[in-house]
Amino acid sequence: QLQLVESGGGLVQPGGSLRLSCAASGFTLKGYAIGWFRQAPGKEREGVSCISSSGGRTNYADSVKGRFTISRENGKNTVYLQMNSLKTEDTAIYSCAALRTCSGLKYGIADYWGQGTQVTVSS
């Protein structure tokens, strides 16, 4: 089966850090742009970050710029989201998705979705 599986979520205090991983099963991530999305209760899903298939281009939502870093290791078939200086408003379910291009981050259009990992930022 073709799947994306997220890991690395958990409970962290404000100002702390987490590193999320997105691993592909049954297909290769090489050739896909990979986006990270998040959804908090009662809110719409929003695009957080995206990395191009080559890794040469990245983009970030204004709310996370300067705090989050997206990267990929195609040899590991894995994409990462390093989250630093976490805030309570970062609390959400984080999902990764395989996109044709990073334009899909804006419209939420993806070929494959993961089921998400919970990130909770609380004191």
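**Ground rules.** I'm working from a predicted model, where local features need pLDDT of at least 70, side-chain atom pairs count only at pLDDT 80 or more, and totals for chains, interfaces and linings use all residues. Residues are numbered from 1 along each chain as its sequence is written, and side-chain values use heavy atoms, with hydrogens and water left out.

**Ring pairs.** I looked for rings of Phe, Tyr and Trp (its six-membered ring) with centres within 6.5 Å, calling planes under 30 degrees apart stacked, over 60 edge-to-face and the rest tilted. By this rule I get 4 aromatic pairs. One of them is Phe27 with Tyr32, edge-to-face at 5.8 Å centre to centre and 80° between the planes. Tyr32 also pairs edge-to-face with Tyr112, at 6.0 Å and 75°. Tyr32 sits in the loop between β3 (18-25) and β4 (33-39) and Tyr112 in strand β10 (residues 112-113), so this pair ties together parts 80 residues apart in sequence. Strands here are DSSP runs of E, at least two residues, numbered from the N terminus. I noted Phe27, Tyr32 and Tyr112 as one aromatic cluster.

**Burial.** I used buried for under 20% relative accessible area, exposed for over 50% and partly exposed in between (1.4 Å probe, protein chains only). Phe27 and Tyr32 are both buried, Tyr32 at 17%. Tyr112 comes out partly exposed at 21%.

**Charges over rings.** My test was NZ of Lys or CZ of Arg within 6 Å of the ring centre and within 35 degrees of the ring normal. Arg19 lies over the face of Tyr80, 3.9 Å from the ring centre. The charged end of Arg45 sits over the Phe37 ring, 5.6 Å from its centre.

Conventions:
Helices (H or I, at least four residues) and strands (E, at least two) are DSSP runs, numbered from the N terminus.
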